[in-house]
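Thanks for coming. I will go through one structure today, chain by chain, and then stop at one pair of helices.

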Amino acid sequence: MENVYELIAFILLGGMVLGSALLVVTLKNLVHSVLSLIVTFIAVAGIFLLLNADFLAAVQVLVYAGGVCIMVVFGVMLIQRSDIAESNPVNWRFGFAALLGGGIFILIGMFAARSQWMIAGTEVPKDTVGTFAPILLTDFVIPFEVAAILLTVALTGALLLVKEVKANGDRS
Amino acid sequence: MENIFVNAAGGIRNLLESAGLPGLAVDLIVLTVIFVAILVFVLLNVLWLVYMERKVSAFIQCRIGPNRVGPMGLFQTIADTVKLISKEIIIPKNTNKKLFLLAPVMIFMPPMAVFAVTPFGKGMVALDLNIGVYYFVALASLSTVIIWTAGWTSNNKYSLLGSMRVVAQMVSYEVPLLLSIVGVVLLTGTLNLTGIITSQQSVWFIFLQPLAFLIYLIAAVAETNRTPFDLVEGESEIITGPFTEYSGMGFAFFFLAEYANVLLVSMLASILFLGGWLAPFGLTFIPSWIWLLLKVYLMIFILMWLRWTYPRIRIDQMMAFCWKVLVPLAIVNIFVTGIGKYLYESVRW
């Protein structure tokens, strides 16, 4: 009984992910693409919830739907273009794309069929964060901090770039 | 009195189970009833808050406020709502019609989704999520995009200016908001809202984390786009910003959603810092949900007081204040809290 509902939920969420992802690529207006990208991210968060990964789902919503998409909005804000309507062009080379995409899909499918899947032996722990935080902040603290430094450098770099554009002035 | 709502939910559950329904259907029906109850609670509060805002502003400005419709003007909001429903919804020519109409519909979704995990009293929580605080801020951050959509699709320069300000302001102030909550999470070691409330049994976190509370309060005012941070709407400069083109119920939805957000941040403030539904001084004869409501309304009154006391600040002042004052202070607060907790645990006096 339970599995049927899970299957229905998975099909609905999967359909949402694929449909909105297709819209992201094909919509002509960059802003509309961003909005459908948010739907994609939220549907992916739903799939994470289906897998009992509640923390990951919240991260997905906060970082991707609430953060990354907002970054694209900042991008729209910074580019100087009077008309945004045709800002996301599609070249409609469907033949080539189908060949490439289909090839990758067949390859992944082949490997997925041949690999031996580990069935999780234990239940998903109720407290997902409590087990996750010590790992992140003790065993993997150096990669964690390196990532933080990398992000800080990227932030400073972006600031410098924007300042540079302003100093040079008349680009409008 | 204390368990009136818990018992009501239990009663419905027992009734359905004795009727021989399968477990899943019982869960579904009980959850639906709870969510409808939350919806009604939020809408009633929002209606009351609009009236309260006008009365408080009148009090601060030495006026009387609404006093004609009903006793003491109590039905003023209802009259306003009826007026707004009867108005025509005007859709400007060069807008994306679907998105233009979708934005006011979606604006209530983030606050509503967040109220699902909020504890309203002892045992009164629809979904007791382990990651409650995190879910709270994650979902609440989505309203930025919706307000931005409203401003963008309006295709109007004031709306565009306003929606860009929304993005800049709400994304910036989310940082100190989150960092101030980290202090509380450090102290409790849990993200569960009920867990955070029960760990304030001996002392409220406003006394242990006064700086975090101040930062949270300021960031919350900015997140709900209220004066002194209402540059997003700025009636006198950009004509209510993203909502310029909305009329009738479209406008009313944004207006009401603002009050739903005020309720939300006040609720989170009373849960994180004011002990939630815990009774102070052992006054437990008053039910826990009344205590929570009292604290929430104290917070709401402070927000209204701020709104009608301070003038609007400039956008550069606002951004500088966030990044140069609030964020460093919040980081210092996390450091001090962490070191303090470590010392306390190693000394254990």
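Read along the sequence, chain A runs α-α-α-α-α-α. That is six helices and zero strands. Keep in mind that this is a predicted model.

Chain A has 172 residues, and buried ones make up 15% of them. Of the contacts in chain A with a separation of 6 or more, 57% are between residues 24 or more positions apart.

Take helix 4 of chain A, residues 94-114. At 1.5 Å a residue, its 21 residues should span 30 Å, and the end C-alpha atoms are 29 Å apart, so the two figures agree. How many of its 21 residues are buried? The number is zero, so helix 4 of chain A lies largely in the open.

Now the interface. On chain A, 19 residues are in contact with 19 residues of chain B. Three helices of chain A each supply at least two residues of that side: helix 2 (30-50), helix 3 (54-78) and helix 5 (128-139). Helix 3 of chain A gives the largest share, 12 residues. By residue type, the side of chain A that touches chain B divides into 14 nonpolar, two polar and three charged.

On to chain B, starting with helix 2, residues 23-60. The same check on length applies here: 38 residues at 1.5 Å each should span 56 Å, and the end C-alpha atoms are 54 Å apart, which agrees. Which residues of helix 2 of chain B are buried? They are Asn45(B), Val46(B), Leu49(B), Val50(B), Tyr51(B), Glu53(B) and Lys55(B). The buried residues of this helix pack against helix 3 (76-86), helix 13 (248-272) and helix 14 (288-309) of chain B. Just after helix 2 of chain B, Cys62(B) takes a positive phi of about 55°.

Last, the helix pair. Two packed helices are described by the angle between their axes and the distance between the axes. In chain B, the axes of helix 11 (residues 210-223) and helix 15 (residues 315-347) come within 10 Å and cross at roughly 150°. With the cut-off for that class at over 145 degrees, helix 11 of chain B is therefore roughly antiparallel to helix 15 of chain B. The crossing of these two helices is left-handed.

From helix 11 of chain B, the residues in the contact are Leu211(B), Ala212(B), Ile215(B), Ile218(B) and Ala219(B). They meet Leu326(B), Leu329(B), Ala330(B) and Asn333(B) in helix 15 of chain B. The residues of this contact divide into eight nonpolar, one polar and no charged.

That is the end; I will take questions.

Technical notes
Residues numbered from 1 in each chain as written. Chains lettered and ligands numbered in written order. Predicted model: local features only at pLDDT ≥ 70, side-chain atom pairs only at ≥ 80, totals over all residues. Helix = DSSP H or I, 4+ residues; strand = E, 2+ residues; numbered from the N terminus. Expected span 1.5 Å × (residues − 1). Buried ≥ 20, exposed ≤ 12 C-beta atoms within 10 Å, placed from the backbone. Contact = placed C-beta atoms within 7 Å. Nonpolar A, V, L, I, M, F, W, Y, C, P; charged D, E, K, R; others polar. Axes fitted to C-alpha atoms, helices over the stretch in contact; angles between N-to-C directions. Parallel < 35°, antiparallel > 145°, perpendicular 65-115°, else oblique. Left-handed = near helix turned anticlockwise from the far one by under 90°.
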